[in-house]
Amino acid sequence: MPGIDKLPIEETLEDSPQTRSLLGVFEEDAAAISNYVNQLFQAMHRIYDAQNELSAATHLTSKLLKEYEKQRFPLGGDDEVMTSTLQQFAKVIDELSSCHAVLSTQLADAMMFPITQFKERDLKEILTLKEVFQIASNDHDAAITRYGRLSKRRENEKIKAEVMEDVYTSRKKQHQTMMHYFCALNTLQYKKKIAVLEPLLGYMQAQISFFKMGSENLTEQLQEFLTNIGTSVQNVRREMDCEVENMQQTIEDLEVASDPLYLPDPDTTKFPVHRNLTRKAGYLNARNKTGLVSSSWERQFYFTQGGNLMSQARGDVAGGLVMDIDNCSVMAVDCEDRRYCFQITSFDGKNENPEEIAARVNQSALEAVTPSPSFQQRHESMRPTVQSRPPAPRTSSTGSLGSESAGLSALSLDSLVAPDTPIQFDIISPVSEDFPGQTKSSGQSGRRTNPFGELGGSKSETEDSILHQLFIVRFLGSMEVKSDESPDVVYETMRQILAARAIHNVFRMTESHLLVTCDCLKLIDPQTQVTRLRFPLPNVVLYATHQENKRLFGFVLRTSGGRVESRQTSICYIFESNNEGEKICDSVGLAKQIAFHAELDLEEQSRLIAASSRSNQNSGEGQFVVLSSSQSEDSDLGEDGKKKRESEA
């Protein structure tokens, strides 16, 4: 016998559309088997029930057996062995159309009993399990829907516990029912062969017994054929028993292993984290607009395939493309009526409603940076109250090394940032561009020559630095500013860059590692360890983090050269960190303090060396003047020339 197609019991808990689609094929096959067996049962019942119609009944049986090859079973329809076997049976039965009534008792035991048992017990069991499974599946869907509608803001612990218990009970019931239903459908593939072959075998054995091998139709060749069929039936039965035992063991193992997964929020610490997954699949609730302001949630199966997000509804053979997620961003969003909501945004602007998303992101950006309703209130809220500033660098979340005067309390918007100032949203590649005003030293290049990140034996410029702190940052943008004496410059630059990003749908951000040392700030590529940009620490004259959104921070770099050469320009760089804006500003302030004290120590050492040199110079001044001014000139003058020069001196 060829291999038997089976339903995967291991995939019952996932309950994917593919599994449901395959289940539909098996259910269709079971319906076809039931239809066919009912016809065969009626035909055999006519043999048993009516002696006068015995000949007609066997003729109909022979006809049905001949039509087996025309049956289009979804599973096993191309079983040539089964078809040829039934064809041989049909031929013999057609020749035995004039059976006697004395066979009724033997036919009742050998022919009618097994097919009746299959019809009344096995097929009804399939129908009963199907109804129970449908009820359990509907209960599970209803429980999931109730759980999904729990309000996150107005959460009631009692109601939540009841809903979670309902989800657990319904999911467990559905899983167990589905596994037993799959087991019954898989077993049916074996039983359908037995249900067809065993009654026929009993019928023929009854015929052999009745005619006592005297009939000319019952030859030794036929007896050998029947023996082979009996052996085949026994092999199928043994294979079925072994498979049923394996499936029952699989069900028991899966029930134990899947018990924690029946909860809607299973404990992730009890399961290993798969970090090498190439495919992710599961059910999600997607929001669909039903009106101008109303929307509905639709539960659907989603999965990733390559760089695409696919969706598939129950009953569909294959999934459909939702969107390309290679160039998308994912961020968590708060929703009043749903848990664990997130939004997928495409960078190319090919969203379902790009204007609405741009407006919403723009509003979010403006509220994140300027939460006050009016511009004057925004400007006042972002301006810190500073009475005086110490001459030494600060290590707080805001810092400045510019003028010692107070903050720019009376500056207008145009005095901080020019209205037509261009915004740079990405980092210049170190291979093609250099930082404005920054010159390369001899032997310095933008890309490492050693693939392991070393500089070929020479010491790094920051190797001897006392401070080394690394932070993960994302570059938002930079623009030239008019002033570098107040944190208002940084706040206003944040507002303009975030607003411009939202308006122009610029969502891509370059992630880098920011290295803070006592000499400079470096932006390093996290993959290649190549230095993207280098900011000398003395040129960083102002640094600040936003007062409310601690993920945003920026600093102002004073450089020589800009849009107008021969003058100093100030450029403000804005970054987003993992809620570490204050830590980064504190590190920059600490680096400046260390550099400031090191410079004081160096000046003190230089002063001491200069004083020591002057002391030595005063003690040996006569000899020093003679040796340095006249010895080389008098070497060729002779004695008279020397006396003359001495007298002149």
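Reader: Which residues line the largest cavity?

Author: In this predicted model, the lining consists of I33, Y36, V37, Y68, F73, M82, K192, K193 and V196.

Reader: What makes a residue part of the lining?

Author: A lining residue has an atom within 4 Å of a cavity point. I33 and K192 are among the residues that line the largest cavity.

Reader: Why is this space called a cavity and not a pocket?

Author: In a cavity a 1.4 Å probe fits but cannot get out, whereas a pocket is an open set. The structure holds three cavities of 30 Å³ or more. The largest has a volume of about 80 Å³.

Reader: What is the class make-up of the lining of the largest cavity?

Author: The lining has seven nonpolar, no polar and two charged residues. Lys counts as charged, and K192 and K193 are in the lining. Tyr counts as nonpolar, and Y36 and Y68 are in the lining.

Reader: Which helices each supply at least two residues of that lining?

Author: α1 and α5 (157-211) do.

Reader: Why are α1 and α5 called roughly parallel?

Author: Their axes cross at roughly 30°. Angles under 35 degrees count as roughly parallel. So α1 and α5 are roughly parallel to each other. Their axes come within 10 Å, and α1 passes α5 in a left-handed crossing. The contact of α1 with α5 divides into 17 nonpolar, four polar and four charged residues.

Reader: How do you know that α1 is roughly antiparallel to α4?

Author: The axes of α1 and helix α4 (residues 103-148) cross at roughly 155°. The cut-off is over 145 degrees. That makes α1 roughly antiparallel to α4. The crossing of α1 and α4 is left-handed. By class, the contact of α1 with α4 has 18 nonpolar, six polar and four charged residues.

Reader: What makes α1 and α2 roughly antiparallel?

Author: Helix α1 (residues 17-49) and helix α2 (residues 54-66) pack at about 155°. Angles over 145 degrees count as roughly antiparallel. Therefore α1 and α2 are roughly antiparallel to each other. Their axes are 7 Å apart, and α1 passes α2 in a left-handed crossing.

Reader: Which residues of α1 and α2 meet?

Author: On α1 they are Y36, Q39, L40, A43, M44, R46 and I47. On α2 they are L54, A56, A57, T58, L60, T61, L64 and L65. By class, this contact of α1 with α2 has 11 nonpolar, three polar and one charged residues. Arg counts as charged, and R46 is in the contact.

How values were computed: Residues numbered from 1 in each chain as written. Predicted model: local features only at pLDDT ≥ 70, side-chain atom pairs only at ≥ 80, totals over all residues. Heavy atoms only, no water. Axes fitted to C-alpha atoms, helices over the stretch in contact; angles between N-to-C directions. Helix = DSSP H or I, 4+ residues; strand = E, 2+ residues; numbered from the N terminus. Parallel < 35°, antiparallel > 145°, perpendicular 65-115°, else oblique. Left-handed = near helix turned anticlockwise from the far one by under 90°. Contact = heavy atoms within 4.5 Å. 1 Å grid on protein atoms, 1.4 Å probe; cavity = no way out; pocket = protein on both sides within 12 Å on 5 of 7 lines; lining within 4 Å. Points joined across faces, edges and corners; volume = space filled by probe spheres on them.
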